[in-house]
Amino acid sequence: MTMTLAQFGTLLCGTEAPTLFGAFDLSTPPALLFYSYVPIALVTLAMGLFAHRSARSRESAWLLAVAVFFFGWVADILVQWVASYHTLLLFAWQLNAVFEVGLFLSAIAFVAVFTRERALPDWGTYLLAAVSLATLAVVPTGLNIESYDVGNCQGVVGPLWPTLYALEPAAVVIMGYIGYRAWRKELDVQKRLRILVGTIGAVLALGTFWFSNYYGELMQTYDFNLWGPIGMVIFQLLLTYSIVRFHEFNTKVFGAQALVATLVVLIGSELFFVHSATNQILVSITLALSIVFGGLLERSVRAEVRLRERLQEQEKILEVANAQQVSLLHFISHEVKGSLNKAQGVFAGMVEGDYRQLPEAVSTIAKGALGEVGKGITMVMDLLAASDLKKGTMSFDKKEFDCTVAVRQAVDNARLVGKVKGLHVEFVTPPTEAIRITADEAKLMRHVFRNLLDNAVRYTPSGFVRASLVRAGAIVRFTVEDSGVGITPEDKQKLFTEGGHGKDSIKVNVDSTGFGLFIAKQVVDAHGGRIWAESDGPGKGSRFVVELPAA
Amino acid sequence: MERKQALLATVLVIALAASVALSYLESFVWMQVRVVNTDTIDEPSE
């Protein structure tokens with residue numbers, strides 16, 4: 001006759017007395033169980049929660065999943081050791097598969113997102129889901145726990161378990177392979193080290209975990225597999241290292257403290273189990289070293305974290321201040337531009353005779369004022385453009401056009417201004433055929449072609465200004481060369497930065513806002529081009545080159 | 001994409017709940033799991 005659990009359900013397991021919560025007896029398992037399992041499980045879970053709370057990233061979510069499954073697994077094994085009733089024992093034996101499979105699957109997913117810094121591919125998600133579903137379907141069946149050994153108070157495992165023990169090393173190899181591939185692809189040394197640390201941690205942790213379980217099962221020595229979770233400490237240790245070293249998860253000092261505390265408790269607990277004098281000495285030395293180096297680690301982490309926090313705070317303050325400044329500048333510029341426009345209208349009306357014939361003296365003043373207001377408007381427009389570029393609100397209306405025409409127009413303009421100073425402004429080698437580019441014609445004309453030519457005329461007291469436009473393969477090159485004041489090497493560094501005047505440029509050009517070349521560079525960059533300046537030094541002229549992709 | 005993932009997660013959670021519930025029923029309520037190594041037990045209850 002086949003007996004079922006129903007006949008034993010109310011019986012206690014062996015001689016156990018359910019002293020704790022009426023269901024558990026803590027006196028049966030070896031003391032090592034509480035020393036090794038409980039702290040490791042708690043620390044893993046706490047670190048998982050803390051990491052996820054701080055980072056809220058894909059990586060931290062998967063690390064938390066690893067921690068939760070591991071914690072579940074450990075809790076399950078603890079119940080298997082201390083439960084007093086057969087029913088509860090069977091339940092724990094059945095659920096073990098859920099945690100074990102969950103642990104390996106989430107560890108693979110963690111390694112994949114941690115090393116590749118990307119979400120799982122769709123097929124990966126579906127594969128994980130399919131394996132999970134298959135496992136969950138098998139859990140309540142005899143394939144998982146085939147029968148119950150009432151004499152030894154343990155489940156008799158079904159075919160699921162040999163399958164798992166065979167597949168788990170494969171999972172470890174897969175993790176290693178994923179990490180290895182990411183490591184090979186990565187060029188950045190820091191990131192390679194991070195990948196290496198994470199992968200080795202995961203492989204060692206789950207490798208040890210698998211080996212101790214498998215070996216324990218094989219040899220029926222369950223004391224042995226108590227050492228398995230130690231692998232998780234390696235995992236946590238290496239992850240904590242990568243957290244601290246690469247600022248992963250921002251777990252702050254907590255991780256280091258938890259790590260040191262766990263190590264000390266674990267090593268200290270060994271003193272209760274080793275009996276030979278040699279072992280006791282060795283363990284004591286290890287314990288002392290752990291305390292010293294653990295303390296040092298904790299201190300250095302604390303210092304580093306403090307420093308980083310302070311920097312982050314400062315950065316935030318600066319960001320806010322900068323944003324406020326940009327919007328204030330934008331606002332003021334807008335207001336000023338409105339007033340200047342009105343004034344320009346009035347002066348233009350005066351000059352053009354809208355207010356009847358004015359006396360000669362007043363007319364001259366009005367002409368001067370009109371010129372000044374025009375300059376003011378240009379400056380304000382530059383400031384607005386710069387602020388739009390910085391805020392990322394400048395839009396470009398890109399169309400295909402012939403830039404020969406635009407450059408010729410800009411050169412003609414510059415020639416008129418240059419003539420007053422006696423400069424020789426010319427368009428050398430004007431192209432014979434159209435050179436077409438796809439760009440925002442108005443912005444390129446105003447901020448790049450005209451701006452560079454105006455600058456050349458402005459900073460050249462005598463001599464020449466030469467512009468050229470050539471197409472070289474897929475690139476259109478616009479060059480402005482002059483015999484002007486030249487650029488010092490120091491000025492060249494900040495030429496294209498915001499407000500980056502040359503040291504003495506303000507003496508030559510009192511109206512300079514310092515935004516012209518900054519805007520020119522931003523506009524050229526936005527078109528996928530490059531701009532740079534060349535000069536042999538002060539007094540030796542300069543050459544500005546713009547390269548844009550041809551249409 | 002997010003809807004697909006939410007659906008997948010829901011399916012998994014339901015499967016997990018069902019699996020745990022069935023295991024629970026089997027262990028605590030039905031108790032029909034076959035029992036071996038009964039020799040060492042003195043008094044199986046009827």
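User: Which strands form the open sheet of 5 strands in chain A, and in what order?
Analyst: The order is β4-β6-β7-β9-β8 in chain A, and the pairing is mixed. Strands here are DSSP runs of E with at least two residues, helices are runs of H or I with at least four, and both are numbered from the N terminus. Two strands pair if DSSP finds at least two bridges between them.

User: Before we go on, what kind of model is this?
Analyst: It is a predicted model, in which local features need pLDDT of at least 70 and side-chain atom pairs count only at pLDDT 80 or more, while totals for chains, interfaces and linings use all residues. Residues are numbered from 1 along each chain as its sequence is written, chains are lettered from A and ligands numbered from 1 in the order in which they are written, and side-chain values use heavy atoms, with hydrogens and water left out.

User: Back to that sheet of 5 strands: which strands stand at the edges?
Analyst: In the sheet β4-β6-β7-β9-β8 of chain A, the edges are β4 (424-427) and β8 (530-535) of chain A; each has a single partner strand, so one side of each is left without a neighbour in the sheet. From one strand to the next, the twist averages 15°. Angles run from 0 to 180 degrees between N-to-C directions, and axes are lines fitted to C-alpha atoms, for helices over the stretch in contact.

User: How do β8(A) and β9 of chain A pair?
Analyst: They pair in the antiparallel sense over 6 bridges, with β9 covering residues 542-549. Within β9(A), Glu547(A) is the bridge partner of Arg530(A).

User: Which helix lies across β4, β6 and β7 of chain A?
Analyst: That is helix α11 (residues 403-421) of chain A, running at about 170° to β4(A). Contact means heavy atoms within 4.5 Å.

User: New topic: how many residues does each chain give to the contact between chain B and chain A?
Analyst: Chain B gives 29 residues and chain A gives 34 residues. The area buried between the two chains is about 2,900 Å², and carbon and sulfur atoms give 68% of it. Buried area is the accessible area (1.4 Å probe) that two parts lose on being put together, summed over both. On the chain B side, Met31(B), Arg34(B) and Val35(B) lose the most area to chain A, together 19% of what that side buries.

User: How many salt bridges cross the interface of chain B and chain A?
Analyst: The rule finds 1 salt bridge there, a salt bridge being a side-chain nitrogen of Lys or Arg within 4 Å of a carboxyl oxygen of Asp or Glu. Glu146(A) and Arg34(B) form a salt bridge, with their closest N and O atoms 3.9 Å apart.

User: Which part of chain B supplies the largest share of the side that touches chain A?
Analyst: The largest share, 15 residues, comes from α1(B).

User: What about a sheet with strands from both chains?
Analyst: 3 strands form an open sheet in the order β2(A)-β1(A)-β1(B), with mixed pairing. At the edges stand β2 (154-157) of chain A and β1 of chain B; each has a single partner strand, so one side of each is left without a neighbour in the sheet. β1 of chain A (residues 145-149) and β1(B) pair in the parallel sense over 2 bridges, and Asp149(A) stands opposite Val36(B). β1(A) and β2(A) run antiparallel and are joined by 4 bridges.

User: Which helix lies across β1 and β2 of chain A?
Analyst: Helix α3 (residues 86-116) of chain A does, running at about 150° to β1(A).
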